[in-house]
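Let's take a friendly walk through how two chains come together. Keep the viewer open as you read, and pick out each residue as it comes up.

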Amino acid sequence: MTLLPSCREVQTQLTEYAEGTLPLPRRIGIWIHLFFCHVCAGFLRGLRALPGLAKRALAPPEAAPEEASRALAEIQTRLKRQQS
Amino acid sequence: MTEAPRTETELIQLAATGDSDAFGALVQPHLALFHNGIQRILGNTADTQDALQDALMSIHRDLPRFEGRSRFSSWGYKICLNAALMVRRSRVRLHDMERAEGLAIGPFDERGHHTEQDRTPEWQEEAQAHQLVERQEMRECLTRALDELPDSHRMVFVLKDLEEWETDDIARHLQLTPAAVRQRLHRSRTLLQARLRTFVLGGHP
C-alpha cells in the first residue's frame, strides 16, 4: 500500500473514509488523491448524495397500497372475531 | 348529528380494549408509512404482506403498553421494522451471496487510475437531482436496483442510508462485524450509483 492510493483503491475505501475508520496515513492519502482527482471526488459526491435521493425517491406514497389496506382489514376481522 | 372525530389518544384507548373500528381509524393514516418501511427491507414480496400483518397484530397487542412518550406513528414504525427484520431472519436467503465485483466504477488503467477522465460523467448538482426524484421512473429504477442487491446488502443500505441507524446497531442486528457492514454498504452504494447513472449522472447506464 503506497501513501498515495490509486483511483481503484480510493473508490473501494470511500465509505470507510467517510465514516472515519481508516488509519490516519490512508485518510491523508485519500484526501490528497481527492484534491487532485475530480473523477474520484465526483464519485464521493455521488455516494454522499445517494442516501438523500433514495430517501426522497422511496418515501411513502400518500395513500397506502391496496395490499396494505387488505392486511389491515384482515386484522380488523380477526379482532372482531376475538371480541364476539 | 354526526359524531366528532376522535383524537388519537381516544382511538388508542378504544383500540386497546379491542374496538376494531377504532384500531382501523388509528392505523389507517399511518398505513402507507408502515407498509413502505417494511417493503423497503423485504422488497415487493409476499413476505411484506406477512410482516405487515404480524406488525399490526403486535401493535394491537402492545397498545396497552404504549405510554405516549413518542408519537404513535414512530412507535408503530419501529414495530414494523422489527417485524420485517424478524421475517427476514427466518427466510432462506438463496441470493445472499458475496459479490466481489461492483466495488468501484472504472475503467482503470494498469496502475488503477481512471482512464478517459474527460468522458467520465459527473454527478449533477443536488438541486437538479431533487427534481429528478419526483419522477416515478426514478422510484421504479431504484426499487428494481434494490431488489437486485444481495439480501444482506439491501438490508444494510436500507437500515443505514434510509433509516439512519448507527453502523454498530446494524452490525448487532444482522450479526455482522462493523467492518462487514461498511463493506456491504459500500458495495450497495456503488452498485446503486451505477444503476442510477441515467437519472443522476450526465452519462450512460
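## The interface as a whole

Please bear in mind that this is a predicted model. The size of an interface is often given as the accessible area lost when the parts come together. Here, chain A and chain B bury about 4,800 Å² between them, and carbon and sulfur atoms account for 65% of that area. On the residue level, chain B brings 57 residues to the contact and chain A brings 52.

Start with helix α5 of chain A, residues 66-83, which packs against helix α2 of chain B, residues 20-27. Their axes lie 9 Å apart and the angle is about 155°. Because angles over 145 degrees count as roughly antiparallel, α5(A) is roughly antiparallel to α2(B). The two helices cross in a right-handed sense.

To see who touches whom, select Leu72(A), Ile75(A), Gln76(A), Leu79(A) and Lys80(A) on α5(A). Their partners on α2(B) are Ser20(B), Asp21(B), Phe23(B), Gly24(B) and Val27(B). Sorted by class, this contact of α5(A) with α2(B) holds five nonpolar, three polar and two charged residues.

## Two perpendicular pairs on α4(A)

Helix α4 of chain A, residues 38-57, meets helix α10 of chain B, residues 178-195, with axes that come within 10 Å and cross at roughly 100°. The helices α4(A) and α10(B) are therefore roughly perpendicular. The classes in the contact of α4(A) with α10(B) come to four nonpolar, four polar and one charged.

Now turn to α4(A) and helix α8 of chain B, residues 151-162, whose axes come within 10 Å and cross at roughly 95°. This makes α4(A) and α8(B) roughly perpendicular as well. Leu50(A), Pro51(A), Ala54(A) and Lys55(A) of α4(A) contact Phe157(B), Asp161(B) and Leu162(B) of α8(B). That contact of α4(A) with α8(B) has five nonpolar residues, two charged ones and no polar ones.

## Salt bridges

Side chains of opposite charge can pair when their charged atoms come close. Over all chains, the whole structure has 16 salt bridges, and the count between chain B and chain A is five.

For one within a chain, go back to α5 of chain A. There, Glu74(A) and Arg78(A) form a salt bridge, with their closest N and O atoms 3.4 Å apart. These residues are about one helical turn apart, because Glu74(A) and Arg78(A) are four residues apart in helix α5 of chain A.

Terms used:
Residues numbered from 1 in each chain as written. Chains lettered and ligands numbered in written order. Predicted model: local features only at pLDDT ≥ 70, side-chain atom pairs only at ≥ 80, totals over all residues. Heavy atoms only, no water. Axes fitted to C-alpha atoms, helices over the stretch in contact; angles between N-to-C directions. Parallel < 35°, antiparallel > 145°, perpendicular 65-115°, else oblique. Left-handed = near helix turned anticlockwise from the far one by under 90°. Contact = heavy atoms within 4.5 Å. Nonpolar A, V, L, I, M, F, W, Y, C, P; charged D, E, K, R; others polar. Buried area = accessible area lost by both parts, 1.4 Å probe. Salt bridge = Lys/Arg side-chain N within 4 Å of Asp/Glu carboxyl O.
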